[in-house]
Amino acid sequence: MKKEGSSGGAIRAQAMTKSTVASGTEVTGEIQWNDKTTVHISPRVSGIIRSVEVDLNSKVTKGDSLFVIESGELGQALVEYQKSRTVAELARKTFDREKTLFEKKAGIELDMIQAQIEMEQKRADLDAARHRLRVLGMDDTEIAALKPEDRTLTGRLPLRAPADGWIVEKHAAIGEMVDPAKDVMLLADPSTLWAWLDIYERDLMALLEQSRKGDVSVLIRVKAFPDQFFHGVIDTVGASMNEETRTVKVRAVIKNPELLLRPGMFCHAQIAMGGETE
């Protein structure tokens, strides 16, 4: 018999210890858009599309013009704004004149006060007209660029990208009538997507326990790229169960830096679960 500690194939007695090993739960699901980085583009006012500046799958930067509409409602609002601006300026000049006369003892204080009241009222009307333009979609830079002498305003309005991203849906044609109830484009950032996964009832407790300890990691595979894994983290566990399938919906945020994944793809996922073995 070989002595303990000598070389060879002798068996050594060791105390039993518990160790934590990684285990995973295999589930299936579907890749979808990340709604937090997706914007539905529609005008704030009805109008006719006069030009389209981008195409499907175009990459855009915040502030880029996407398409231009011509709106009768906006045109009327522009006319009212220009009118209010002219009247407000006349009211200011009247007040300045009455104030100067009063200071020179050549005017009446009551006339100056009435002129001041009139000026403040016209300023309020101008502020309301300016706010109306903002509501219809114009920004402060576009409003400031309006010239008082311009009487040929057409009511044309560029619709601009509210964020960086890609045009992933487009329903815009020149001459088409659009309104606030209709989505004209969908702007999205596909560098992060959602994977909606189906967790069976038997695995729910383990998932909840793991989520209390910290982030729950997920590895995603799709048929299009069978040898590649996409990493993600679960951020939502559904509050209800599908009575027919006995599954709970779980959402994972998936990194998609190379833009390989596409919404609508079926996926397999491995959810990292911690477990103790002896």
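1. Buried side of H2. In this predicted model, the buried residues of helix H2 are Met112, Ala115, Met119, Leu126, Ala129 and Leu133. Buried means under 20% relative accessible area, exposed means over 50%, and partly exposed lies in between, with a 1.4 Å probe and protein chains only. These buried residues pack against helix H1 (72-103) and helix H3 (140-144). An α-helix has 3.6 residues a turn, so residues three or four places apart point the same way.

2. Geometry of H2. The helix covers residues 109-135, 27 residues in total. From first C-alpha to last, H2 reaches 39 Å, close to the 39 Å expected at 1.5 Å a residue. The expected span is 1.5 Å times one less than the number of residues. Gly137 follows H2 and has a positive phi, near 120°.

3. Basis of the values. Residues are numbered from 1 along each chain as its sequence is written, and side-chain values use heavy atoms, with hydrogens and water left out. Because the model is predicted, local features need pLDDT of at least 70 and side-chain atom pairs count only at pLDDT 80 or more, while totals for chains, interfaces and linings use all residues.

4. Whole chain. The protein chain has four helices and 14 strands. These are DSSP runs numbered from the N terminus: helices are H or I with at least four residues, strands are E with at least two. Of the 278 residues, 31% are buried. Among contacts with a separation of 6 or more, 75% join residues 24 or more positions apart; a contact means heavy atoms within 4.5 Å. The chain exposes about 17500 Å², and carbon and sulfur atoms supply 51% of that. Areas come from the Shrake-Rupley method with a 1.4 Å probe; for residues, only the protein chains shown count as cover.

5. Side chains alternate along E11 (residues 217-222). Val218, Ile220 and Val222 point to one face and are buried. E11 pairs with E12 in the antiparallel sense over five bridges; pairing requires at least two DSSP bridges between the strands. Ser217 stands opposite Val233 in E12. The two strands form a hairpin with two residues between them.

6. Aromatic pairs. The whole structure holds two. Trp194 and Trp196 are edge-to-face, because their ring centres are 6.3 Å apart and their planes stand at 90°. Phe225 and Phe230 are also an edge-to-face pair, at 6.4 Å centre to centre and 65° between the planes. The test takes rings of Phe, Tyr and Trp (its six-membered ring) with centres within 6.5 Å; planes under 30 degrees apart count as stacked, over 60 as edge-to-face and the rest as tilted. Trp194 is buried at 5% relative accessibility, and Trp196 is partly exposed at 21%. Phe230 is buried at 5%, whereas Phe225 is partly exposed at 25%.

7. Charges over rings. Arg251 lies over the face of Trp194, 3.9 Å from the ring centre. The charged end of Arg202 sits over the ring of Tyr200, 4.9 Å from its centre. The criterion is NZ of Lys or CZ of Arg within 6 Å of the ring centre and within 35 degrees of the ring normal.

8. Arg246 has phi near 60°. Arg246 lies in the loop between E12 (225-242) and E13 (247-255) and is partly exposed at 38%. Leu259 has a positive phi of about 60°. Leu259 lies in the loop between E13 and E14 (266-277) and is partly exposed at 27%.
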